[in-house]
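Open the model in your viewer and keep the selection tool ready. This tour goes from stop to stop.

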Amino acid sequence: MLEISHLYKKFGKFVALRDMNMKVDEGELFGFVGSNGAGKTTTMRICVGLLASDGGKVTINGEEVLNDHKKLASLVGYVPDFFGVYSNFTCMEYLQFFASTYGLRGYDTDVMCQDLLKLVKLDHKKDTNVNGLSRGMKQRLCLARGLVHDPKILFLDEPASGLDPQSRFELKEILKNLSSYGKTIIISSHILPELDQMCSSVGIINKGQVVLQGTMDEIHRAAAMQSPILITVANDQIDDAFAVLKEFATVQKVTARGNILSVVFTGTKEEESVLLTSLVSHNVAVLNFYREDSSLESLFMDIVSGEMARKAKEA
Amino acid sequence: MSKFSIKNAVLYKDMTLDMKKGKIFALILVFNLLVGLVAFTFLGGITLGGISSGKVSYAVMPFMLYTLVFLEYGIMIMVVPALTAGVISLEKERQTLEVLLTTRLTPWEIVWGKFWSVINMVGLLVLSSVPFLALVFMYGGINIIHLLLIVAVFMVITMYTAAMGIMWSSILKNTMGSVIMSYITVFFSRTVFLSLGIGVSGVITAIDEAIYRNMLGAAGYSYYYSQTPTGIPQYIIPPEIGIPFFLLAPECTMWDVANRMGFQIGTWSTRGMDFLGEIYPHISSGKWYWYLWTPISVGLFLLLTWGMLKISAFALNPVKKKGKKNKKSKKSKSK
């Protein structure tokens, strides 16, 4: 569906994107995660034609679209991190106007606008001036605007920023709903637990490069791999356990706190089970064997703090 | 049928938004109060004069027309920059421009829509004042074609003025800066070409006269009006060099179209911009090209309007540098 290859963007001497690669499949609800200045908004703005890239290409359904404004505009919808509303219009007029910018007019368009208002739960505000809407409602109206031409891909840049918990929840439900219809949605957000709950796949961007990308399961597995395995053994068998663990190349580091061994293990789940079996077969009494719970947030922090640690070392 | 049936969505949006604001109604009211006051004062004077003298001169009616046309022209100079300077910068300030640029609308379509929304508004102002302008028909001396021509040229100059405001509105990020630059440009364009025309023509006259006086002594001056032995007047510097500057002065075009079919001024036998021949002895009146003054000038204004709108669209294009940079990077790669 969307493929970004070797994308570059510089602002003066600052390199915002460097050889950035990313792929989003059709129907995915893709979370785009990164710290401030990592390049999320720059990537989105290039993808929707608001910014020129300094190299690389963006393809949608295999077609390079950045040089064809009309085609790009009809394929993507964009909801920026600001509202951009005309306060003198009613909600219905606002949607009708944006539909008309795509050449959509007439009775069918009016019906479609009403359906969109219903989808974003603003059908009761159809004739209300945009000025009279709450922040959350305005954000939902902007979401409807992004959908007015039925784009293949919808880009949402920090849509939940500044919204109260209820509005965020409502927005999340709408996005889940949209995703269930098969719409491809790319959403950038700082609220990682929410992305964790609703996205089907995630890309983590750091310093202008996607450092990790995959489905939510893959990301969780990757996150889990970042956490050490905690093995509780009998007090008199700590040395035996150390001896067994040293035999595994995938064991990077072992530290002991009492009879709890913290093992940095880079193997797969299957290799993890081999490790446990080996301990047991060497007559080590394993009282407990588990990985610490991990989340998108912890993985993200690990990536960012790893980068920070690397910087500190270099300094 | 949908409400948004005008092809250019931006044009329709602006027209409906402005109508909702009521700004246009206030503008029409004030504009017509001013035009009406002047028209009825003029007419009252003519009528009272007619009562006391028993006759009304046809010659007075064109003067009334000139007064009303130049009054509208003056108001337009004040109003159009204010109407145009914010049309795009306000979109930038309320962050709707970026959203518009992600739609199927091209920067040119956005600029074109904004441009015509202002022209429609000014057209509405002019149209609303037609009853006052039509008072000039009361005693005869003016025909409707003449009036329509004047209105048409007036609208072209309005377009030229509006394009200046839209250009600054597109280039600058804030409305205040755009308003200031629009007024400066409009007033500059109204004075600089007129001044250059007067200055250049004056200097050429002075130089030519000095040269001829030097050559022919006291006979030099009268030589301007005589002919050389070959039968053709000869000047060291062509006296027509100053004319193009006048062509770019909108006041001259307004005067030309208003006076071309109008009334004789004082002892001048000329019409329209032919009067330059009355002022500068080197410039000949009555030549064929004087009759093309308004068409040429209008053509130039339309060309400049087009150019400024193109600059506006270029300024709005968010990916304008892409082509150049890609070419550069391709070149560097091939090296």
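Which side chains do B:Glu109 and A:Lys70 bring together, and in what kind of link? Select both: their side chains meet in a salt bridge, at 3.2 Å from N to O. A salt bridge here is a side-chain nitrogen of Lys or Arg within 4 Å of a carboxyl oxygen of Asp or Glu. A:Lys70 lies in helix H2 of chain A and B:Glu109 in helix H6 (residues 107–128) of chain B, so the pair joins two chains. Helices (H or I, at least four residues) and strands (E, at least two) are DSSP runs, numbered from the N terminus.

Some ground rules. This is a predicted model, where local features need pLDDT of at least 70 and side-chain atom pairs count only at pLDDT 80 or more, while totals for chains, interfaces and linings use all residues. Residues are numbered from 1 along each chain as its sequence is written, chains are lettered from A and ligands numbered from 1 in the order in which they are written, and side-chain values use heavy atoms, with hydrogens and water left out.

**Between the chains**

Show chains A and B together. Here 34 residues of chain A are in contact with 33 residues of chain B; contact means heavy atoms within 4.5 Å. Two salt bridges run between chain A and chain B. Helix H2 (69–75) and helix H3 (91–101) of chain A each supply at least two residues of the side that touches chain B. H3(A) gives the most to that side, with six residues.

**Helix H3 of chain A**

Select H3(A) next. It is largely enclosed by the rest of the structure, because 11 of its 11 residues are buried. Buried means under 20% relative accessible area, exposed over 50%, and partly exposed in between (1.4 Å probe, protein chains only). Among the buried residues are A:Tyr94, A:Phe97 and A:Phe98. Step just past the helix: A:Gly103 takes a positive phi of about 80 degrees.

**Inside chain B**

Now pick B:Lys13 and B:Glu91. They form a salt bridge, with the closest N and O atoms 2.9 Å apart. B:Lys13 lies in helix H1 (residues 9–21) of chain B and B:Glu91 in helix H4 (residues 89–93) of chain B, so the pair ties together parts that are 78 residues apart in sequence. Both B:Lys13 and B:Glu91 are buried.

**Last stop**

Finish in chain A with A:Lys71 and A:Glu63. Their salt bridge has its closest N and O atoms 2.5 Å apart. A:Lys71 is partly exposed at 30% relative accessibility, and A:Glu63 is partly exposed at 39%.
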